[in-house]
Amino acid sequence: MTSTPALTLTIIQSILPILVTLAFGYFAAFRRDFDSQQAGVLIRLVMLYALPLELLVSILSTPRAQVFSAGPLASLILLAMVGGYAIIFFIVRLVFKRRNSEAALIAMTITGPSVPFIGIPVLGQIFGPPSSVPISIASLAMNLIQLPLTLILMGHDQGTQRARDLSQERKSELRELLGHLLHSCREPVVWVPMMALALVSVGAHLPVFLRGSLQLLGRATGGAALFASGVVLFTRQVRLSPLVAVIVGIRNVVIPLIIYGLALAWHLPTLTLQESVLTMAIPSASINVIVAMRYRVLERDVASVLFFGTLSSIVTMSFFIWLTGA
């Protein structure tokens with residue numbers, strides 16, 4: 001077993017590049033080299049080209065058998081990410097009376113871990129090659145379920161507002177939803193991963209010579225998104241509000257604790273418990289900031305969640321590594 005100081009150092013080394021890239025974006029905005037409008041150009045690059053290419057390569061590089069044979073591990077992660085998304089969405093929408101767009105974004109921010117940026121180095125050192133299984137499952141759940149659903153719900157809100165402004169008449173909810181579903185399905189970040197999953201399901205894989213060609217731009221996703229997020233942190237004046245504190249607390253502590261309890265109650269193997277808990281202990285993903293900026297919804301709050309959630313994960317992830325005995 002790796003010593004606790006070594007694991008803590010691994011977590012810090014994994015999170016530090018994220019904080020540094022955010023800091024560069026913040027500094028660039030402070031120097032007025034970039035503003036929020038220019039950050040929007042970076043976001044457009046990420047959403048239309050870099051991110052879809054990264055998703056395509058990632059999904060087509062995941063062995064079909066490895067994803068479909070995960071069993072209990074997949075059940076726990078999907079329960080947390082998909083089931084948790086639905087529960088939180090309806091609570092925020094019906095109890096707190098938030099708009100669809102806000103409820104969807106809050107649900108994805110709480111239930112979507114940053115597996116591509118933090119999960120790969122942290123889980124990779126703890127579990128070795130088997131760590132690709134929970135990382136693949138979490139990535140597919142976010143890219144194929146959470147993100148498309150969030151885009152549909154946020155687009156639905158915008159369409160409703162436009163209809164009210166232009167004609168003061170509301171169309172039927174079913175027609176609006178179907179219209180924005182079709183619109184969202186034309187977004188590359190929606191149809192590209194869906195296409196990739198269909199290809200994986202029939203045994204297709206990406207040739208090596210194409211992988212490098214597509215990754216050249218795809219690898220810019222994380223850096224460009226985090227840099228743009230840093231610009232937003234400056235322009236939106238990041239703050240620790242009650243909403244931010246609640247989201248960070250649920251994301252970093254409550255959800256992994258629930259998964260820990262379920263794994264114990266179901267008497268799952270130790271390795272399954274460790275992989276599922278630590279995957280869900282990873283802080284919120286930067287894609288949430290991209291979506292918030294694009295739709296101009298809760299930009300300041302989601303950017304603050306990214307900052308405080310990533311910073312506090314040094315402590316919370318160390319705690320769950322100790323708790324599970326990983």
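Some ground rules: residues are numbered from 1 along each chain as its sequence is written, and side-chain values use heavy atoms, leaving out hydrogens and water. Since the model is predicted, local features need pLDDT of at least 70 and side-chain atom pairs count only at pLDDT 80 or more, while totals for chains, interfaces and linings use all residues.

**The overall picture**

The chain has 15 helices and zero strands; here helices (H or I, at least four residues) and strands (E, at least two) are DSSP runs, numbered from the N terminus. Of the 326 residues, 51% are buried, where buried is under 20% relative accessible area, exposed is over 50% and partly exposed is in between, with a 1.4 Å probe and protein chains only. Take the contacts (heavy atoms within 4.5 Å) with a separation of 6 or more: residues 24 or more positions apart account for 86% of them.

**Helix α12 and its neighbours**

Helix α12 covers residues 242–265, which is 24 residues. From first C-alpha to last it reaches 32 Å, close to the 34 Å expected at 1.5 Å a residue; that expected span is 1.5 Å times one less than the number of residues. α12 also has a kink of about 40 degrees centred on I250, the bend being the angle between axes fitted to the seven residues ending at a residue and the seven starting there. After α12 comes H267, with a positive phi near 55 degrees.

Buried residues in α12 include V244, I247, R251, I255, P256 and Y260. Among the elements covering the buried residues of α12 are α4 (72–95), α5 (100–111), α13 (270–280) and α15 (299–324).

Two packed helices are described by the angle between their axes and the distance between the axes. For α4 and α12 that gives about 145 degrees and 11 Å, using lines fitted to C-alpha atoms over the stretch in contact, with angles from 0 to 180 degrees between N-to-C directions. On the residue level, L76, L79 and A80 of α4 meet I255, I259, L262 and A263 of α12.

T111, in helix α5, counts as buried at 0% relative accessibility. Setting aside neighbours within four places in sequence, T111 touches residues including A80, G84, R251 and I255.

**Aromatic pairs around F227**

Rings of Phe, Tyr and Trp (its six-membered ring) pair if their centres lie within 6.5 Å; planes under 30 degrees apart are stacked, over 60 edge-to-face, and the rest tilted. F34 sits in the loop between α1 (4–30) and α2 (36–60) and F227 in helix α11 (residues 220–235), so the pair ties together parts that are 193 residues apart in sequence. F34 is partly exposed at 30% relative accessibility, whereas F227 is buried at 18%. Separately, Y26, F27, F30 and F234 make up one aromatic cluster.

I18 belongs to helix α1 and is buried at 6% relative accessibility.

| Pair | Apart in sequence | C-alpha to C-alpha |
|---|---|---|
| I18 and F227 | 209 residues | 9.2 Å |
| T111 and G84 | 27 residues | 6.4 Å |
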